[in-house]
Amino acid sequence: MAEENRIQRPLSPFMIGPYYRPQLTSMSSILTRITGNAMIVAVFLIVWWLLALAAGPEAFATAEWWITSWVGNLVMFLSLWGIWYHYLAGLRHLIFDAGKCLDIPTAEKLGWVCIYGSVVLTILTVIIYWI
Amino acid sequence: MRYLTDRKRAVGKGSAHSGAEHHWHMIVSAVALAFMVPTFLFIFGNALGSGYEAALATFQKPFVAILTGLVLVVGLQHFQKGARVMLEDYTSGTTRKLLIMLVVGLCWSLTAAGLFALAKIAL
């Protein structure tokens, strides 16, 4: 019975590997989830920084030393890219939710906008910080 | 003619009986964050590494304190709901329940700690 009812169903992207070919639409969606959840690391650091600022100069110096050390800078730089990627992908999500741009060529174009756009925005933000 | 809209038909449905509520909250917080996050990034990025006195002066400004408080509350609620969807996708049973509780607790703890710091700085 079950054999006869077998029909072609879409594969889940979780079958990635020999069964599922990575596509820009699914990969850019997964990256949205990864960047969004990874943001908790930056939130931890920012809340620590704020608590240290409230506690006084000594606590602040310790927090600032860690957050602006090379490890801290790397985490903050990656978080900056992460938040810009998540930002653009979130806007794309709102467009998709409105039922627009759902045809594959346009959807893929929006995927590239998220990838290249996040890199451009990250570089721009770093330049603004330096000025 | 249908008198029920798509959204009306989804109200109260689903395994949690909350319909499209979760999704709607994500949309509302996403739009709010889209306006607030760029401003916050600019302010925080400039305050970071500027020294104790300068950072204190920045976060004592009412606008900065209110904006940071809003980013914390709205951002962490957005995070909590997003992380919950991820946990619902990859885990099940008691593990899922415990991890969701952990995320909810973590988000509110970070929010409370951040708001406490802001109150102490700005008041």
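Helices here are DSSP runs of H or I with at least four residues, strands are E runs of at least two, and both are numbered from the N terminus. The model is a predicted one, in which local features need pLDDT of at least 70 and side-chain atom pairs count only at pLDDT 80 or more, while totals for chains, interfaces and linings use all residues. Residues are numbered from 1 along each chain as its sequence is written, and chains are lettered from A and ligands numbered from 1 in the order in which they are written.

UniProt positions follow the numbering used here, feature names are shortened, and annotations may be inferred rather than shown by experiment. Residues 59-77 of chain B are 95% helix and 0% strand, with their end C-alpha atoms 22 Å apart.

Chain B meets chain A through 26 residues of its own and 25 residues of chain A; two residues are in contact if their C-beta atoms, placed from the backbone, lie within 7 Å. On the chain B side, helix 2 (21-47), helix 3 (52-60), helix 4 (62-90) and helix 5 (93-122) each supply at least two residues. Helix 2 of chain B gives the most, with 8 residues. By class, the side of chain B that touches chain A has 20 nonpolar, 5 polar and 1 charged residues. Ala, Val, Leu, Ile, Met, Phe, Trp, Tyr, Cys and Pro count as nonpolar, Asp, Glu, Lys and Arg as charged, and the others, Gly among them, as polar.

One helix pair spans the two chains. The axes of helix 1 of chain A and helix 5 of chain B come within 8 Å and cross at roughly 30°, which makes the two helices roughly parallel. Axes are lines fitted to C-alpha atoms, for helices over the stretch in contact, and angles run from 0 to 180 degrees between N-to-C directions. Angles under 35 degrees count as roughly parallel, over 145 as roughly antiparallel, 65 to 115 as roughly perpendicular and the rest as oblique. Among the residues in this contact are A:V43, A:V47 and A:L50 of helix 1 of chain A, and B:L110, B:A113 and B:K120 of helix 5 of chain B. The contact comprises 11 nonpolar, 1 polar and 1 charged residues.

Within chain A, helix 1 (residues 24-55) also packs against helix 2 (residues 57-67), at an angle of about 155° and with the axes 7 Å apart. These two helices are therefore roughly antiparallel. Their contact includes A:W48 and A:W49 from helix 1 of chain A and A:F60 and A:I67 from helix 2 of chain A. It has 10 nonpolar, 1 polar and no charged residues.

UniProt, in an unreviewed entry, places a "binding site" at A:H86, which is in helix 3 (residues 70-97) of chain A. A:H86 counts as buried because it has 27 C-beta neighbours inside 10 Å; the cut-offs are 20 or more other C-beta atoms within 10 Å for buried, 12 or fewer for exposed, and in between for partly exposed, with C-beta atoms placed from the backbone. Beyond four places in sequence, A:H86 is in contact with A:T32, A:T35, A:G36 and A:M39. A:C101 is in the loop between helix 3 and helix 4 (104-130) of chain A, and counts as partly exposed because it has 13 such neighbours.
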